[in-house]
Amino acid sequence: MAHLGSRRQRALALPVGLALTATLGFLPGAAASAAPLDGSDAPVAVDTTGPKLSYVVNTKGGHGTSASVKRAIAKAGGTVVKAYDQIGVIVVHSQNPDFGKQIRKAKGVASAGATRTSPLTPVGITEEGTTQKLSAAGAAKAKAAAAPGQEPLEANQWDIRAIGADQAAKVNDGSSKVTVGVIDTGVDDTHPDLAPNFSKSQSANCVGGVADSSEGAWRPYTDGSDHGTHVAGTIAAPRNGLGVAGVAPGVKLAGIKVSEPGTSLFFTEAVVCGFVWAAEHDIDVTNNSYYVDPWMFNCEDDPDQKALLDALTRATKYAERKGALNVAAAGNSNFDLSADEILDDSSPNDSTPGDRVIDPSECFDVPTQLPGVMTVTATGDKNVKSYYSSYGYGVADVAAPGGDKWQIPATPDANGRVLSTVLDGGYGYKQGTSMATPHVAGVAALLKSAHPKATPAQLQRLLKKQADNPGCPSHVYDAAGNWVEATTCEGSDNYNGYYGSGVVDALDAVKK
């Protein structure tokens, strides 16, 4: 997930000399003099010879404070890239190695920190199983097995039937006045099974922290990931006689691209831009199948990580105040997010990771653990928690099908992963909490269609109320496919750490 199906990954750091320079590279620089940040006249030296990094600076007050902070940013050797005055977040580039320390002392600054630990560098990632493309023979087999009224590949969509979405479509397939924003690696709106429901006017590329809504900017990079396109199909692929069916086939889709070119890294400035864009373009639900890099967990006692938490919290709350329900994946690390401690050995993933033990009540996986964001865990065909899915009593909100290669469905392909749209007009299987989250986003869109005046808080309550909770299972599959005792599940049939309030129910969403 952040990262294509997998939210846990390890970066392969390359030498600084191989760093890309197009976005953040190195620029010639020298020490410069500027007035001190406290406003006195004595000049101070500002080092501008370091690597250009990106920062977020969070202000304490309104527009007046923002103006004074911007002056302080300039004095500290920073350049404002974008100021989101509506939430008090300023995106800055600087080559001053001490920029963060200096700007945190400026009047009007609540917090500030670097959004990465090194200049943009090509990285390699791993995911919870790469995409398995559906072959022509597989497509033909599925089509032959399709029942009357089904989409050609729907026989392989065990996940749609698991939450009653096929039956829900006969009652209410979703309103075209409802839009789900896919904040991800981009959405290929040229895919014939996505184009009918795609909203270009609500789509953008937010990479770098500045929205670009020019034609096609929201699409994946030429050599980019199919992750966002797969997510989009699960949410709202129309019932049009082509390919697959989405959970809410009548609603609109918007693509908000936030992943860096040449990578699948999601940095704070891009994600902040994505939520602000969603807030200001009438998006009703945002789907967030990723974590924000470079830290798997952001700790409040670290000044840089605290600044990222502050900026992202402001952005998600702004989207929520503007009417968007934010839904996010719990992660693919099989972490207990309510544990006393967790070993994070993959952060920072844009340079050299190291081992650190964190307390998940003080160090947060974002955006899924931010206030007001719904946390989604994954299940397989047997309605049991997927072997990879993170969970947590008091953290998990709801569950949905994300796929599990060990839970084999009775479908033509007998593939326990989730089938959806991929690049080049094709279809493929993926698994992960990344795949569970769009099922929840789709059900939320159905609820919004049935209750158009419902607030995000009301939609959350409806999702939880209508979910079906199987209770803690006796056994689950482990990563090796062994059927083992489920000793880590806490809670009851009403609420537990594996499923939260339960597995979402699309049919109940449109009937009740």
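In which strand is the place of Lys 257? Select Lys 257 and you land in strand β10, which covers residues 252–257. Keep in mind on this tour that the model is predicted.

**The whole chain**

Begin with everything shown as a cartoon. The chain has 11 helices and 22 strands. Colour by burial and you will find that 61% of its 512 residues count as buried. Among contacts with a separation of 6 or more, 75% are between residues 24 or more positions apart.

**Stop one: Lys 257**

Now zoom in on Lys 257 and show its side chain. Lys 257 is buried, yet it has no salt bridge. How far away is the nearest side chain of opposite charge? That side chain belongs to Asp 212, 7.8 Å away. Select Arg 219 next: the Lys 257 side chain reaches the backbone oxygen of Arg 219 at 2.7 Å.

A disulfide is a covalent bond between the sulfur atoms of two cysteines. How many disulfides are found in the whole structure? There are three.

Select Cys 206 together with Cys 273: they are joined by a disulfide, S to S 2.1 Å. Cys 206 sits in the loop between β9 (204–205) and α6 (227–236), while Cys 273 belongs to helix α7 (residues 268–279), so the pair ties together parts 67 residues apart in sequence. The link of Cys 206 and Cys 273 is left-handed, with -65° about the S-S bond, and both cysteines are buried.

**Stop three: the other two disulfides**

Move on to Cys 299 and Cys 363, whose disulfide has an S to S distance of 2.1 Å. This pair links distant parts of the chain: Cys 299 is in strand β12 (residues 298–299) and Cys 363 in strand β16 (residues 363–364), 64 residues apart. Here the link is right-handed, with 110° about the S-S bond. Cys 299 and Cys 363 are both buried.

Then pick Cys 472 and Cys 489, a disulfide with sulfur atoms 2.1 Å apart. Cys 472 lies in the loop between α10 and β21 (475–477), and Cys 489 in the loop between β22 (483–485) and α11, 17 residues apart. The torsion about their S-S bond is about -75°, so this disulfide is left-handed. Cys 472 counts as partly exposed at 30% relative accessibility, whereas Cys 489 counts as buried at 14%.

With the bonded cysteines numbered in sequence order, the pairing reads 1-2, 3-4, 5-6.

**Last stop: helix α10**

Finally, select residues 456–466, helix α10. Which of its residues are buried? They are Pro 456, Leu 459, Gln 460, Leu 462, Leu 463 and Gln 466. Turn the view to look down the axis of α10: these buried residues fall within an arc of 165°, so they line one face of the helix. An α-helix has 3.6 residues a turn, so residues three or four places apart point the same way. On the other side of α10, Arg 461 and Lys 465 are exposed.

To finish, show what the buried residues of α10 pack against: α8 (303–321), β13 (325–329), β17 (374–379), β18 (398–401), α9 (433–450) and α11 (506–511).

Technical notes
Residues are numbered from 1 along each chain as its sequence is written. This is a predicted model: local features need pLDDT of at least 70, side-chain atom pairs count only at pLDDT 80 or more; totals for chains, interfaces and linings use all residues. Side-chain values use heavy atoms; hydrogens and water are left out. Helices (H or I, at least four residues) and strands (E, at least two) are DSSP runs, numbered from the N terminus. Buried means under 20% relative accessible area, exposed over 50%, partly exposed in between (1.4 Å probe, protein chains only). Lys and Arg count as positive and Asp and Glu as negative; His and the chain ends are not counted. A salt bridge is a side-chain nitrogen of Lys or Arg within 4 Å of a carboxyl oxygen of Asp or Glu. A polar contact is a pair of N or O atoms within 3.5 Å; within protein, one must be able to donate a hydrogen and the other to accept it, and residues adjacent in sequence count only if both atoms are side-chain atoms. The arc is that of the directions from the helix axis to the C-beta atoms. Contact means heavy atoms within 4.5 Å. A disulfide is a pair of cysteine sulfur atoms within 2.5 Å.
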